[in-house]
Amino acid sequence: MRKKVVSISRNYLYYIWIPALIAILLLGSLVGCGIRQLPASEPSIQAEQGKLDLTGWHFKNDGNKALDGEWDFFWGQLLEPGQVKAALKEGPAPERIQLPHTWNGYEQEGTKLPGSGFATFHLQVTLPASSGVMALELPTIRTAYTLWINGQPMGGSGVVGTDRATSEPSYMPRLVYFNAVDPALDIVIQVSNFDHRTGGIWNKIWLGDADKLTSNHNRSLIIDAMLIGSLLLMGLYHLGLFVMRFKERGSLYFAIFCILAGVRAMFVGEGTMFLLFPDLPWLTGLRLEYISYYLSVPLIVMFCRGLYPQVFRLGYIRAIQGTGLAASILVILLPSNIFTYVTPAYQIFTIAVCVYCIVCFTEGVRNKRDGALFVLTGVIVYTVTILIDLLYINEYIDKGNVSAIGLFYCIFMTSFIISLKSFRAFAAVETLSRQLRELNMGLEHRIKERTAELEKSNRTLEKMNEDLGRLEKSRRHLLSNISHDLGTPMTLIQGYVEALIDKVVVDPEQQEKYLRLILTRINGLNRLITDLFQLSKLEARQIDFNMQEMTIDDFVQYYRDRYELEVRNAGLSFSLQAYLHAVPELRQSGHVIYIDIDRIDQVLTNIIYNAIKHTPAGGAIVLQILTDSSSLVMKVQDNGSGIDPDDLPYIFDRFYKKDKSRNSAEGGSGLGLAIAKEIVEFHGGRIWAESRLHQGACISFALPLRESQRRLRA
């Protein structure tokens with residue numbers, strides 16, 4: 001019976017829980033990526049006028065603290081800790097800047113600051129007593145910085161300078177450990193930027209217990225590594241799908257997109273790429289980050305068109321491809337302080353592309369395209385996370401860096417659709433294979449039926465041919481035997497009759513003697529003709545047999561006294577010996593013989609009378625009945641003249657009349673043993689003779705045993 005194939009669209013009901021589960025996990029990730037919240041009972045603590053009082057903050061219990069608020073800000077000055085103290089003590093009150101925030105657009109003396117420049121940031125923090133070993137987590141600061149804590153240099157990233165020639169950009173988020181012996185903590189950070197459109201400290205700086213802050217930092221690295229690994233693995237997987245089937249260009253586009261997304265994720269967040277390759281030039285890394293972003297947009301749109309070519313117009317796809325390629329060329333040709341200004345415009349372009357995809361996928365959902373709902377969900381989530389990041393980058397909100405998670409969610413949903421397509425293809429292959437298998441089985445069945453019919457017809461023809469052959473052989477034998485064996489008696493009869501007609505014999509007694517000889521010859525001819533016709537019919541299988549079941553005991557009882565009187569009247573002794581205990585389970589299991597009792601009686605009569613003729617007076621004839629594992633055996637043993645070994649192979653042939661042969665008995669037709677052979681073989685048995693000259697002969701035949709049909713039906 002052919003199985004029903006469920007369409008892929010109906011499987012949405014089975015898998016709809018997957019995007020819901022992923023949405024819940026994504027929400028948890030977004031919350032986890034947000035700013036650490038204070039306990040509900042604690043007010044929000046921020047720096048004011050370059051000072052932050054944390055004497056009431058318990059780092060062990062309350063967790064890490066972001067150093068947000070007003071920092072002292074010395075624009076156009078690279079001051080060391082001693083100079084900062086002197087400036088705060090002797091000079092006018094310094095400018096203040098709200099962190100985290102870039103210095104772009106910050107007004108100083110009525111002038112908005114550009115992205116390029118250098119400055120010094122300062123913050124005084126009052127810690128709780130006995131804070132122990134503390135740590136400071138510094139994010140990516142654009143584009144170079146140097147850190148001092150309590151007047152001690154604690155390293156930095158890149159080389160801080162007063163112009164492009166004396167500075168060297170670098171991205172290297174890091175943890176700085178120090179022993180907070182003094183509750184007063186003085187932090188000085190020199191920052192310079194001449195290689196990016198934005199400068200300053202635009203991410204949060206975290207202060208906390210060394211163990212807890214390290215644990216949070218490592219957790220962020222692990223999350224980034226998992227995200228990067230997932231993206232790269234998905235890319236390699238779909239690249240393998242494309243290698244196996246080059247016609248699936250959608251798999252190629254999606255694979256390159258995933259790889260590019262994974263490469264970009266290595267440069268943002270915790271800067272995994274720079275941790276793996278610390279000697280990687282900053283400009284090379286920045287260009288790889290931007291190019292991977294610019295090219296991923298047209299690639300994902302090309303993939304979406306491969307999924308739903310009916311809803312994505314080719315003209316729009318060409319425009320998106322051209323825009324992404326042009327932006328990538330600008331990144332290669334222009335310096336970083338110029339091509340970074342392309343990013344805001346490309347971010348708006350990305351939002352527009354996402355909106356276009358949402359419109360197309362909405363149309364796909366309305367037209368009930370396979371998987372359109374899943375992709376639409378992923379694109380909407382990704383668009384929302386991009387908007388959050390844009391607001392965060394432009395410093396409208398203090399939560400961000402979530403677009404990577406939204407991208408992963410979108411990629412996951414899209415790969416889920418590819419899996420559904422693969423499932424549909426595999427289901428189609430399985431259906432075709434099953435139908436082909438059923439067709440082959442049907443063909444094999446029909447071939448077997450036809451073969452069986454042909455074999456049956458062939459067997460019928462072979463049987464007919466065998467029957468015709470037997471009939472023809474019987475006809476030839478009959479004609480040959482009539483011409484041969486009737487010729488001599490007829491010649492003798494003719495001679496006797498001619499003698500009587502010619503008055504050669506006139507004595508009445510002689511005439512009566514001649515007439516009796518003629519009668520004897522005529523009776524012999526009658527017996528010969530009867531035996532010939534019977535043998536011919538047996539050979540041609542034209543005699544009906546009255547087959548019936550007979551148990552072994554009934555068979556023995558039937559022949560126990562049947563021949564004793566006739567044998568004793570011939571002056572011979574007779575005995576019957578039954579050896580049925582050799583295989584007693586045959587009698588218990590209900591095995592029987594299936595015979596025509598009259599024909600078997602004819603066989604035994606021929607054999608016994610043959611033995612009587614060749615056994616001298618006073619001799620003995622023994623009838624033995626025994627069984628083996630599969631047959632019942634009858635043996636007629638005499639102690640007469642025996643059979644010459646040269647004659648044994650031929651005694652069952654018709655008209656074999658060598659003087660010592662059992663077929664040469666007086667008055668015999670020479671057909672008795674031949675008739676017996678045909679009857680036994682018709683019953684599925686066999687007949688044979690054993691003898692030694694002058695020591696008697698033993699003629700045996702075996703009949704097959706079988707289980708009773710009455711017992712089987714019962």
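Student: Which residues does I411 touch, and what makes that a contact?

Tutor: A contact is a pair of heavy atoms within 4.5 Å. By that rule I411 touches L231, M234, F254, F257, C258 and A261, with residues up to four places away in sequence not counted. The model is predicted: local features require pLDDT of at least 70 and side-chain atom pairs pLDDT 80 or more, while totals for chains, interfaces and linings use all residues. Residues are numbered from 1 along each chain as its sequence is written, and side-chain values use heavy atoms, with hydrogens and water left out.

Student: What makes a set of residues a nonpolar core, and which members of the largest one touch the most others?

Tutor: A nonpolar core is a set of buried Ala, Val, Leu, Ile, Met, Phe, Trp, Tyr and Cys residues joined through side-chain atoms within 4.5 Å. Buried means a relative accessible area under 20%; exposed is over 50% and partly exposed is in between (1.4 Å probe, protein chains only). The largest core has 62 residues, and V301, Y308, F312, F361 and I411 touch the most other members. At least two residues come from each of α5 (210-244), α6 (249-265), α7 (272-276), α8 (282-307), α9 (314-333), α11 (342-366), α12 (372-393) and α13 (403-485). The biggest contribution, 14 residues, is from α8. Another core, of 46 residues, lies apart from it and includes F545, I595, I643 and L703.

Student: What makes a stretch of chain a helix or a strand, and how many of each are there?

Tutor: Helices (H or I, at least four residues) and strands (E, at least two) are DSSP runs, numbered from the N terminus. The protein chain comes to 21 helices and 22 strands.

Student: Which residue caps the N-terminal end of α5, and how do you know?

Tutor: The cap is D209, which has a side-chain oxygen 3.2 Å from the backbone nitrogen of D211. A polar contact is a pair of N or O atoms within 3.5 Å; within protein, one must be able to donate a hydrogen and the other to accept it, and residues adjacent in sequence count only if both atoms are side-chain atoms.

Student: How do you know which strands pair with β15 (residues 206-209)?

Tutor: Two strands pair if DSSP finds at least two bridges between them. Strand β2 (residues 65-66) is joined to β15 by 2 bridges, and β9 (residues 132-138) is joined to β15 by 4; both pairings are antiparallel. A66 stands opposite W206, and L136 has L207 as its bridge partner. The open sheet of 4 strands runs in the order β2-β15-β9-β12, with antiparallel pairing.

Student: What makes β2 and β12 (174-180) edge strands?

Tutor: Each of them pairs on one side only.

Student: Into which classes do Q49 and N150 fall, and why?

Tutor: Q49 counts as exposed because its relative accessibility is 54%, whereas N150, at 38%, counts as partly exposed. Q49 has a positive phi of about 55 degrees although it is not a glycine. N150, likewise other than glycine, has a positive phi near 55 degrees.
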